[in-house]
Structures are given as structure tokens and as C-alpha cells.
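Here are my notes on the model, point by point. Please read them with the structure open.

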Amino acid sequence: MRKKLVAANWKMHKITAEARSFLETLKLELGEETDVEVLLAPPFTLLPLCSQMVGESAAIKLGAQNMHPAKAGAFTGEISAQMLRDLFVRYVIVGHSERRAIFGESDQFVGEKVRAAHEASLRPILCVGETLAHREGSQHESVIDRQLTAGLEGVDAKHIPDTVVAYEPVWAIGTGHNATPAQAQEMHAHIRAVITRLYDAAHADRVRIQYGGSVKPENAEELMRQPDIDGALVGGASLEARSFAAIIAAAREARG
Ligand code: PGA
């Protein structure tokens, strides 16, 4: 049984006071419930504060939105896996479609990040997803295959259970138009089949595959009820503590 993972991707939003009030509210809403894994991925600048506020609580874990694959060096403006570990970060989002489209990150560079994250004992959340043009041209599966194959290249089978995949169709991100539960389930099953081909069924069965793209309290439960949808990566609807808490509650309901 895969534990559902609900993650907040704040992107480039929030300053200290906003993060503090969000966490105060979220901690009250959640209590010490740990039946769903909850992850907060704030901007780098807020990681120290969030780390301090989350403290020893097992209920909320911390993730970063990006990292550089090198251990250290002349990479102005970049952050390494070790720097994240130093702030008690457990997960790192890699290959988000905004990184790929706006910052030109290649499939190979994303793969380097996945390997570097594992080497540093950080769990990568490997984002994959097709554009509307890909889907309309019936290329959605081949695009996902390419992104997954490159993203997992050289990843030892022992790290596969600690790898999370996020299926985020680009056309659903920030648009208000989520994939239907059936469309998402179909792609999640496809992703699991690709991982089975690259490793084997036992490993693929342990990988959590999150859905992302216009997840909100109203659609979260039905999406997460699908057999291969193991959680959600939430952008816009994670910026408000009560709305994020409602999505976590939906994940709890979806466990059945
Ligand atoms: P959204 O973003 O929930 O605002 O669509 C999701 C994401 O980009 O991770």
C-alpha cells in the first residue's frame, strides 16, 4: 500500500510573515495525523524558517523546488543537495515543466539532478508531462517515455522506491483545467508500465506517482481515488493553508 503524498509547490510566492501564518494555520488543521505524507516546498529563502517551524513534527516534511546536480563549485545563484540537507529538506522537485520551458532544462540535466539527489539521500520528485500540442498530436505517451527514461537513467534499482514521479500535463498547470480522473489514471498506469519495463513490476509498484495540474479541494478526492494516483503536487491551491488542508483531507478520504 503506497502512502499518499500531498505536496505544496509554492513556486515564487510568499515572504516570511506569510509563511509563518500559513504554517501556524496548517499545523492546527493537521494535528499530528500522519496517515498522509504532507510536504511543503517553499522558495529557498523560506526553507530555514519552515524548517524551524516544522521542527520535529512528523506531520509536515520539507521539500525544495529545484537544485543543482554538482556537489559545489562556481555556479552563481545555484543551490546544492548538501545545502538542502543542511536545512533538513527531505525531497526535491526536479524537472518541473516551468524549469524545462522557461529555463531550458534538458531531459539529461534533469536526470543528473535525480542521480545527485539520491546520492545525497534526498528523494527526488521527477516531474513529467506533455503539452497540449503533444496531446493533440497523440505524442503524449512518447513524450512521457522520453522524459522518464532520461530522468531515471543510471538510477540504481535500490533508489527506485525513494523516487517519486509527478505527472503534470502542462496544459493543466495553472489553467483551472485539470486532467479528468480517467485521463490522469490512464497516464499514471502508463508511467507505472514504463517503470516496470525499465526495472520490474515489484519496483514500479512501490513508486508513488503524484498528479499535478489545477488540483483543488473540489477535484482532489476523485483524482486521488484512482488506483495509480498516489497523491498530488499542488501549486495555486496550496498557497492558502485551509485550501491545502482540504486537499490533504481529500487524500485521507480517498484512501477509502
Ligand atoms: P497548479 O500547479 O496546481 O497551480 O496547476 C501545479 C504545479 O505546477 O506543480
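1. Burial. Of the chain's 256 residues, 53% count as buried (under 20% relative accessible area; exposed is over 50%, partly exposed in between; 1.4 Å probe, protein chains only).

2. Basis. This is a predicted model: local features need pLDDT of at least 70, side-chain atom pairs count only at pLDDT 80 or more, and totals for chains, interfaces and linings use all residues. Residues are numbered from 1 along each chain as its sequence is written, and side-chain values use heavy atoms, with hydrogens and water left out.

3. Overall form. The chain has eleven helices and eight strands (DSSP runs numbered from the N terminus: helices are H or I with at least four residues, strands are E with at least two). The C-alpha trace spans about 45 × 45 × 35 Å along its principal axes. The radius of gyration is 17 Å; a compact globule of 256 residues would have one near 18 Å, so the two agree. That radius is taken over C-alpha atoms, and the globule rule is 2.2 Å times the number of residues to the power 0.38.

4. Contacts. Take the contacts between residues at least 6 apart in sequence: 74% join residues at least 24 apart. Contact means heavy atoms within 4.5 Å.

5. Main core. The largest nonpolar core has 69 residues (buried Ala, Val, Leu, Ile, Met, Phe, Trp, Tyr and Cys residues joined through side-chain atoms within 4.5 Å). Helix H11 (residues 241-254) gives the most to this core, eight residues. Leu26 is among the residues with the most contacts inside the core. Beyond its neighbours within four places in sequence, Leu26 is in contact with Ile60, Ala241, Phe244, Ala245 and Ile248.

6. Helix H2. How many of the eight residues of H2 are buried? Six are, and H2 is mostly covered. They are Leu47, Leu49, Cys50, Ser51, Met53 and Val54. These residues pack against helix H1 (16-30), strand E2 (37-41), strand E3 (60-64) and helix H3 (81-85). Just after H2, Gly55 takes a positive phi of about 55°.

7. Leu47. This residue is found in helix H2 (residues 47-54). Leu47 counts as buried because its relative accessibility is 1%. Not counting residues up to four places away in sequence, Leu47 touches Pro42, Leu62, Gly63, Ala64, Leu84, Leu87 and Val89. Leu47 and Ala64 are 17 residues apart in sequence, and 7.9 Å apart C-alpha to C-alpha.
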